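This briefing is for a reader who is new to the structure below. It goes through a few side-chain contacts and one part of the surface, grouped by topic.

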Amino acid sequence: MRRPLRRDDRGSALVELTWLSIILLVPLIWIVMSVFEVQRGAFATSAAARAAGRAYALAPDDATGEARARAAVAQVLADQGVEGQTADVEFSCRAPGDNCHVGTSVITVRVDSRVDLPFSPEILGRQAATFALDASHTVPIGQYVESSDAGDDEEPGR
């Protein structure tokens, strides 16, 4: 009488562990890399908004401030090492007149940006694997800044 052959299970745990490691580890590494990429983009966007607000506030007039703020955003994004990250910059100003660089003005700079997730396939399209980021920074010009609109008629000491 012949006994049925039993399969030997020795070594199958190693094969199963290897396959499970590959199946679980690859998505986990992609998720971690994506989180790091989004975090880096968020830091860059926040720093760009802060730098743009400062550049706008320190400029002598609104046109120069806008140009300097846009240049500051581009420089900060490049300094953060985020390749291909572009940003839209919007400015708003609460001022007593048309000039944002007078006494009690408050300037708000908003930066909208996107980060591409790593290793995204082209077949999904460019917008499918992006993460939208935005940041804003508000800068009060200061109530002790000399205003060119007020007191032009009077000379000090008279």
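**Salt bridges, a disulfide and a nonpolar patch**

Arg 110, Asp 112 and Asp 134 are linked in a network of salt bridges. The model is predicted. The count of salt bridges comes to four, and the count of disulfides to one.

- Arg 110 meets Asp 112 in a salt bridge, with N to O at 3.2 Å.
- Arg 110 also forms a salt bridge with Asp 134, and here the closest N and O atoms are 3.7 Å apart. This pair links distant parts of the chain: Arg 110 lies in strand 2 (residues 106–116) and Asp 134 in strand 3 (residues 130–140), 24 residues apart.
- Arg 110 has a relative accessibility of 35%, so it counts as partly exposed.
- Asp 112 is partly exposed as well, because its relative accessible area is 21% and the buried class is kept for values under 20%.
- Asp 134 has 47% relative accessibility and counts as partly exposed, since the exposed class begins over 50%.

- Glu 37 and Arg 40 form a salt bridge whose closest N and O atoms are 2.9 Å apart.
- The two residues are three apart in helix 1, so about one helical turn separates Glu 37 from Arg 40.
- Glu 37 counts as partly exposed at 22% relative accessibility, and Arg 40 counts as partly exposed at 32%.

**The disulfide**

- Cys 93 is joined to Cys 100 by a disulfide, with an S to S distance of 2.2 Å.
- The torsion about the S-S bond of Cys 93 and Cys 100 is about -140°, so this disulfide is left-handed.
- Cys 93 is partly exposed, with 29% relative accessibility, whereas Cys 100 is buried, with a relative accessible area of 8%.

**The nonpolar patch**

- A nonpolar patch on the surface is formed by Leu 25, Leu 28, Ile 29, Trp 30, Ile 31, Val 32, Met 33, Val 35, Phe 36 and Phe 119.
- Together, the residues of this patch have about 980 Å² of accessible area.
- Trp 30, one of the patch residues, is placed in helix 1 (residues 12–58).
- Trp 30 counts as partly exposed, at 35% relative accessibility.

Definitions and conventions:
Residues numbered from 1 in each chain as written. Predicted model: local features only at pLDDT ≥ 70, side-chain atom pairs only at ≥ 80, totals over all residues. Heavy atoms only, no water. Disulfide = S-S within 2.5 Å. Buried < 20%, exposed > 50% of the residue type's maximum accessible area, 1.4 Å probe, protein only. Patch = residues over 30% accessible without salt bridge, like charges linked within 9 Å, V, L, I, M, F, W, Y side chains within 5 Å. Areas by Shrake-Rupley, 256 points an atom, 1.4 Å probe, with all protein chains shown as cover. Salt bridge = Lys/Arg side-chain N within 4 Å of Asp/Glu carboxyl O. Helix = DSSP H or I, 4+ residues; strand = E, 2+ residues; numbered from the N terminus.
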